[in-house]
Amino acid sequence: TGLNAAQAHLATAGHNIVHPEAGPVASMTIQPALDGSSHFEPTEIGGYVIPPEWRRGFAARHDYGCILLKNAAIGHQLGWFGMARYDAPPQNLLAQVCGYPAARRPQTQYYHGGRLGAWTDDFLHYIFATSPGVSGAPVFATFGGDRLVIGVHHWGAGPSNRGIRLS
């Protein structure tokens with residue numbers, strides 16, 4: 001798979017790594033905790049992994065990827081999200097999405113959330129506000145004080161937004 005259990009990983013949308021029209025990303029910068037100014041040094045990237053199905057046909061269900069970080073120092077400073085996967089998801093689950101909308105200035109992280117509208121085998125559906133630039137953001141729920149990622153935001157159009165469900 002290209003993933004090493006001892007290495008730090010950052011989940012994102014596959015189109016942030018290999019875009020269907022623009023091709024593979026030429027360079028990436030991981031800038032944590034941005035709020036109009038930088039408080040932390042950019043994190044070095046050690047590569048990425050995406051499903052081969054994303055490169056071959058850009059099917060929405062394969063629009064995810066993993067950025068490999070050269071070290072875990074920033075995670076040790078700021079913390080990590082946990083992950084949760086459900087065979088039968090809880091009904092009326094409250095969730096949030098947080099990311100960096102491209103059109104917002106200063107660049108800062110924005111949150112929005114509510115109840116998930118539907119679950120399918122591949123997707124989470126929700127009506128939270130998202131906009132271009134938020135792709136790759138975590139879709140997460142809070143359980144006992146822990147924020148657990150349940151999906152990765154990858155698409156939005158009007159009131160209909162969707163994340164790739166963790167499996």
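Analyst: Strand 6 (82-83) and strand 12 (146-157) pair in the parallel sense over 2 bridges. Two strands count as paired if DSSP finds at least two bridges between them. Helices (H or I, at least four residues) and strands (E, at least two) are DSSP runs, numbered from the N terminus. Within this pairing, Met 83 has Val 149 in strand 12 as its bridge partner.

A word on the source. This is a predicted model, in which local features need pLDDT of at least 70 and side-chain atom pairs count only at pLDDT 80 or more, while totals for chains, interfaces and linings use all residues. Residues are numbered from 1 along each chain as its sequence is written, and side-chain values use heavy atoms, with hydrogens and water left out.

Strand 12 is the part to follow. Strand 11 (138-143) pairs with strand 12 in the antiparallel sense over 6 bridges. Ala 141 has Leu 148 in strand 12 as its bridge partner. Strand 11 and strand 12 form a hairpin with 2 residues between them, and Gly 144 in the turn has a positive phi of about 55°. Strand 12 also pairs with strand 13 (residues 160-165), again antiparallel and over 6 bridges. Here Ala 157 stands opposite Ser 160 in strand 13. Strands of a sheet pair through backbone hydrogen bonds, either parallel or antiparallel.

Next, the core. The largest nonpolar core has 15 residues, and Leu 116, Val 139 and Ile 150 have the most contacts inside it. Such a core is a set of buried Ala, Val, Leu, Ile, Met, Phe, Trp, Tyr and Cys residues joined through side-chain atoms within 4.5 Å. Buried means under 20% relative accessible area, exposed over 50%, and partly exposed in between (1.4 Å probe, protein chains only). Strand 12 supplies at least two residues of this core, as do strand 7 (94-99), strand 10 (123-126) and strand 11. Leaving aside residues up to four places away in sequence, Val 139 touches residues that include Leu 148, Val 149, Ile 150, Gly 151, Val 152 and His 153, and also Ala 95, Val 97, Leu 124 and Tyr 126; contact means heavy atoms within 4.5 Å. A second, separate core of 8 residues includes Val 18, Trp 54, Ile 67 and Leu 69.

Aromatic rings come next. The charged end of Arg 162 sits over the ring of Trp 155, 4.8 Å from its centre. Arg 162 also lies over the face of Phe 123, at 4.4 Å from the ring centre. A charge sits over a ring if NZ of Lys or CZ of Arg is within 6 Å of the ring centre and within 35 degrees of the ring normal.

The whole structure has 5 aromatic pairs. Rings of Phe, Tyr and Trp (its six-membered ring) pair if their centres lie within 6.5 Å; planes under 30 degrees apart count as stacked, over 60 as edge-to-face and the rest as tilted. Tyr 86 and Trp 119 make an edge-to-face pair, 6.1 Å centre to centre with 90° between the planes. Tyr 86 lies in the loop between strand 6 and strand 7, and Trp 119 in strand 9 (residues 118-119), so the pair ties together parts that are 33 residues apart in sequence. Tyr 126 and Phe 128 form a stacked pair, 4.6 Å centre to centre with 25° between the planes, and both are buried. Ring pairs also link Tyr 86, Trp 119 and Phe 143 into a cluster.
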